[in-house]
Amino acid sequence: MREDTRAKIQEVALRLFTEQGYEATSLREIAEELGVTKAALYYHFKTKDDIVASVAGDRIAEQDEMLAWLRSQPQTPETRREFLQRYADQLEHSRHQDLGRFLERNQTSLRDHPTIKAMRMRMLEVAEALSAPDDPVRVRLRRSMALFTLHTGIWLTQHYDLTDEERREIARSVALEILEGPCGD
């Protein structure tokens, strides 16, 4: 039950932080939205910063899991394709899109937040892990861009008359096209 409460607090806080701004949202407002006392909220999170750290920490844990899997596999085109598919599935089934919108709308407030910085650094590690250190820079960049296509493809296609599923599928197919490039390198 505690995990359900924690997840609900994170969900409501992210929504309010996105709608109203991180700085403009208080713990009292989050508690009111949840229908609990501030003391009940305080039991789980003492500050707004703790909520942000928990959401970012959850994302880092997801990335760590993906990194562990990738590093345990042989570095082959098949492994990279499988990784990209798994990563796309993870993005689709996690709170990632809510987190992305929150970060986009609160860049100034969170620029120096240590857990957000750690999350960004982990993302760079994930992108780097798609390539060997001796791969040419253009190959490493292309593979990283394939990964980032999964993140940005959905947002960049929002003005088209597509369902969320269609946007995700298009982003996934473009990412797979980019991953190995025309020469397969």
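Reader: Which residues line the largest cavity?

Author: This model is predicted. The structure holds 1 cavity of 30 Å³ or more. The lining of the largest cavity is made by Ala88, Leu91, Glu92, His96, Gln97, Leu150, His151, Ile154, Trp155, Arg168, Ala171 and Arg172.

Reader: Which elements give two or more residues to the lining of the largest cavity?

Author: Take the lining residues in sequence order. Ala88, Leu91 and Glu92 are among them, and helix 5 covers 77–93. His96 and Gln97 also line the cavity, and helix 6 covers 96–105. The elements that give two or more residues are helix 5, helix 6, helix 9 (137–156) and helix 10 (164–180).

Reader: Which helix gives the largest share of that cavity lining, and how many residues?

Author: Leu150, His151, Ile154 and Trp155 are among the lining residues. Helix 9 runs over 137–156. The largest share comes from helix 9, with 4 residues.

Reader: How much space lies in the largest cavity, and how does its lining divide by class?

Author: About 130 Å³ of space lies in the largest cavity. Arg168 and Arg172 are among its lining residues, and arginine counts as charged. By class, the lining has 6 nonpolar, 3 polar and 3 charged residues.

Reader: Which residues are closest to the centre of the largest pocket?

Author: The largest pocket holds about 410 Å³ of space. Its lining has 15 residues. The closest to its centre are His96, Gly100, Leu103, His151 and Trp155.

Reader: Which helix supplies the largest share of the lining of the largest pocket?

Author: Helix 4 (48–71), helix 6, helix 8 (114–129) and helix 9 each supply at least two residues. By class, the pocket lining has 6 nonpolar, 6 polar and 3 charged residues. The largest share is 5 residues, and it comes from helix 6.

Reader: Are helix 6 and helix 9 roughly parallel or roughly perpendicular to each other?

Author: Their axes come within 12 Å and cross at roughly 75 degrees. Angles of 65 to 115 degrees count as roughly perpendicular. Helix 6 and helix 9 are therefore roughly perpendicular.

Reader: Which residues of helix 9 meet helix 6?

Author: Helix 6 brings His96, Gln97, Gly100 and Arg101 to this contact. By class, the contact has 2 nonpolar, 4 polar and 1 charged residues. On the helix 9 side, the residues are His151, Ile154 and Trp155.

Reader: How do helix 4 and helix 8 lie, roughly parallel or roughly antiparallel?

Author: Helix 4 and helix 8 pack at an angle of about 15 degrees, with their axes 9 Å apart. Angles under 35 degrees count as roughly parallel. So helix 4 and helix 8 are roughly parallel.

Reader: How does the contact of helix 4 with helix 8 divide by class?

Author: The crossing of helix 4 and helix 8 is left-handed. Helix 4 contributes residues including Val52, Ala56, Ile60 and Leu67. Helix 8 contributes residues including Ile116, Met119, Met123 and Val126. The division is 12 nonpolar, 3 polar and 5 charged.

Reader: How do helix 4 and helix 5 lie, roughly parallel or roughly antiparallel?

Author: Their axes come within 11 Å and cross at roughly 160 degrees. Angles over 145 degrees count as roughly antiparallel. So helix 4 and helix 5 are roughly antiparallel.

Reader: Is the crossing of helix 4 and helix 5 left-handed or right-handed?

Author: Helix 4 takes part through Arg59, Glu62, Gln63, Met66, Trp69 and Leu70. Helix 5 takes part through Thr79, Glu82, Phe83, Arg86, Tyr87, Gln90 and Leu91. The contact has 6 nonpolar, 3 polar and 4 charged residues. The crossing is right-handed.

Reader: How many helices and strands does the protein have?

Author: The C-alpha trace spans about 60 × 40 × 30 Å along its principal axes. Along the sequence the pattern reads α-α-α-α-α-α-α-α-α-α. The secondary structure comes to 10 helices and 0 strands.

Conventions
Residues numbered from 1 in each chain as written. Predicted model: local features only at pLDDT ≥ 70, side-chain atom pairs only at ≥ 80, totals over all residues. Heavy atoms only, no water. 1 Å grid on protein atoms, 1.4 Å probe; cavity = no way out; pocket = protein on both sides within 12 Å on 5 of 7 lines; lining within 4 Å. Points joined across faces, edges and corners; volume = space filled by probe spheres on them. Axes fitted to C-alpha atoms, helices over the stretch in contact; angles between N-to-C directions. Left-handed = near helix turned anticlockwise from the far one by under 90°. Contact = heavy atoms within 4.5 Å.
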